[in-house]
Amino acid sequence: MSDVLIVDDEKVVCRSCERILGPDGHDVDSALSGQEALDKIEKKKYNVVITDLKMPGITGMELLEAVKERYQEVDVIMITGYASIDTAVQAMRLGAFDYIPKPFTPDELKAVVVRALERRRLLDEAREKTMRTRVMFEYTMPDELYYLPEHAWAKVEKDGTVRAGMDDVFQKSVGDIVQIRLPSTGDQVEQGGLFVEIQDSSRRTHKLWSPVSGKVIQTNDDLLEDTTLVNREPYGAGWMIRVAPSNLENDLKNLMYGEALIKWWLNREIIEKKEDRYLQVSALDPKFKYEIAEEPGGEGIKYCFACGVCSASCPVREIDEAYNPRKIIRMALLGMRQEVLQSDFIWLCSTCYTCAERCPQGVGFTDVINAIKNIAAREGHIHPALKMQAELLEKQGTLYEIEDFDNRKREKMGLPKIHTDKTRISDIFKTTGFKQLLEKKDNDGV
Amino acid sequence: MMEYSLFLGCTVPVRARNYEISTRRVAEALGIKLVDLDGFVCCGFPIKSVHYDSFLLTAATNLIVAEEKDMDICALCSACTSVLTEVNSLLGRDYELRARVLKDLGIRRKYRFGNSVRIKHFARILYEDVGIDQIRRRIKNDLSQLRITAHYGCHYLKPSGIYDNFDDPEHPRSLDELIEATGATPVDYENKNLCCGASILALDERISLDMANKKLMSANEAEIDAMTLVCPFCSVMYDDNQRSIESRFGKSYDLPILYYPQLLGLGLGIDEKDLGLNMNRVRVNPLLEKLGGRLSHSTRS
């Protein structure tokens, strides 16, 4: 089924884990130290690493950081003692998939490994689907909530109580839920401690760790009647408990919220090389479209309503999707100024004008892309081939120099000689400032 | 007699002398006077995408040369025709822009641009000014055995707004009618409107050659004797690069590529050597053999 590495300085723990996971078809190896684990990970591709938090030498936390830096697709599960729950929660912020407090039962270990594999499978499926169909598989993270990432959420209500529930990533990796065991009203819960047990359709039990500490003052009894509420509305009607918090200020410091959460998520996505799916709004330039509209030929950008006729008609796009007129204009309208101006693709327009002829809005995309190229060139991003052509014109007045040899050939054919005024274009370039632009190194130092 | 200043641009005098010589001979035969003027420079097309101001001034320089002599311009390259027509029209109607351009060029005299000088592609001169009937009447040789496709390219017809819609860019007919006027049979084919890809040859050879290959494939499937075209850029793709394309894509086309004046010249009875046929990269002998002649082919000079 999968390759699992157990890392613990106690041999007995390693053997126990091997005996629990081996019969389920997992190929289980063990390492008695963090260094041994890293050596093994370098040689073999593991799906899951289960590591003790406290070890001599390289600690579990250090091992987690090293694995996440170099082997992004390996999921790490921490084994923790009770006293280190805080550290375990922090480990999840660093990218640990989950933690299992000692002592744990075989079923608990199996359940968390299976959930990790299932989540990875869903992500891989989503990535393939995205590449095939460009349909995005969405995870929702309402922004007013605090998160134990990919595990549980907490919402501070106006009355100071805290509502808590299951994160939809956790929910998707568990799948269909058949039973939910909630705490009772009056029970105490602690951050990082157990607050809900879930049984999936394969009868595996999964533990949800509480995002906050406090006294349970209400449970969502609707879930006992209809467990599908968690699947359908994990952040709404699928809430689980309401708590009178006992240590809210400190608890919230261990959770992720707002921009920190987005950065955490983006960092993970970037590590998993999915950064092209994301756009940082603060990096956009809303004035870019107006800048283009001010350029000769660029005014048509204002009329585009993204129907895609240009892309459908483009002979270059038919060969290479890198040049996609509709996508370029959308990027420009969104304000992705640097991405557009510094791209290679803006230079691939063959100026066939097919898009311009067919555009129902009269955008004149060929001229719009020319406007964009002019802006790019001013900022030092000229395609080297076009720079070379401009330099030839500046130097010899024509793309192909006509020398005496060429004129003799022409004479032989009965064609008139041609004398080019080599200075005319150079003078023009000096007047317009193009000569100075050509002499500047471009932004890549060419 | 019709009279035009002949604008050769950068490519024709060096890479398409066969186009130039066949044009001159055909023009002579049909009573079109083509005058060579001093002072023409590059049309500006290569710099339009990187420095618009320089492009404007460069194109305007050529228009001034023609207006000085009170002559319309006949261009052989479609890209040259397109940009000169565009700038001519723009400067003709935008008084402020015109004044700025003249000032930047250091010229005090007022020029009228679009209001006096016209620019026409040679093929369009044949189509509109000479006329199909006149051409038909002057044909001496029987080309009826030849099946010829037309490659219109892009800038000969587009952007259509600057060309006063003399032909339909989606369903063009002018070159087909010109082919028919010679007695040859014009043949339709898939991808007839496809761009040759020349504009991006230096920027991305892979995409450019792929585009050209698509066209050659479609034309070849139409079982033709030759493809005819009206732009030296297009000829660079289909004639000069045909062997590279065959090698890259594992194809064998051996498709002669003729400039239209070469085809017309054959029909008018102009000697093959005066049409520069020996300079075409892909041998035209199979086509000539069909007509009962054979050219002793020398390597292109």
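**Entry 1: what I'm working with**
The model is predicted, so I'm reading computed values throughout.

**Entry 2: chain B in outline**
I started with the totals. Chain B carries 13 helices and eight strands. Of its 301 residues, 64% are buried. I then looked up how far apart in sequence the contacting residues of chain B sit. Taking contacts between residues at least 6 apart, 72% join residues at least 24 apart. The accessible surface of chain B is about 11100 Å², and carbon and sulfur atoms account for 42% of that surface.

**Entry 3: cis peptide bonds**
Most peptide bonds are trans. I went looking for exceptions and noted two bonds. In chain A, the bond from Lys102(A) to Pro103(A) is cis, with omega near -10°. Where does Pro103(A) lie? I found Pro103(A) in the loop that runs between strand S5 (98–101) and helix H5 (106–133) of chain A.

In chain B, the bond from Lys158(B) to Pro159(B) is cis, with omega near -5°. Pro159(B) belongs to the loop between strand S5 (147–151) and helix H8 (174–181) of chain B.

**Entry 4: positive phi**
Most residues other than glycine have a negative phi. Thr351(A) has phi near 55°, a positive value in a residue other than glycine. Thr351(A) sits in a loop of chain A, with helix H15 (337–341) on one side and helix H16 (354–358) on the other. Is Thr351(A) buried or exposed? Its relative accessible area is 10%, and the cut-off for buried is under 20%, so Thr351(A) is buried.

Next came Asn191(B), where phi is near 65°, again positive in a residue other than glycine. I placed Asn191(B) in the loop between strand S6 (185–186) and helix H9 (205–221) of chain B. With a relative accessible area of 30%, Asn191(B) falls between the 20% and 50% limits, so I logged Asn191(B) as partly exposed.

**Entry 5: a buried glutamate**
My last stop was Glu246(B), in helix H11 (residues 242–249) of chain B. Why does Glu246(B) count as buried? Its relative accessibility is 10%, and buried means under 20%. Which residues does Glu246(B) touch, leaving out those up to four places away in sequence? I got Lys251(B), Ser252(B), Tyr253(B) and Asp254(B).

Methods:
Residues numbered from 1 in each chain as written. Chains lettered and ligands numbered in written order. Predicted model: local features only at pLDDT ≥ 70, side-chain atom pairs only at ≥ 80, totals over all residues. Heavy atoms only, no water. Helix = DSSP H or I, 4+ residues; strand = E, 2+ residues; numbered from the N terminus. Buried < 20%, exposed > 50% of the residue type's maximum accessible area, 1.4 Å probe, protein only. Contact = heavy atoms within 4.5 Å. Areas by Shrake-Rupley, 256 points an atom, 1.4 Å probe, with all protein chains shown as cover.
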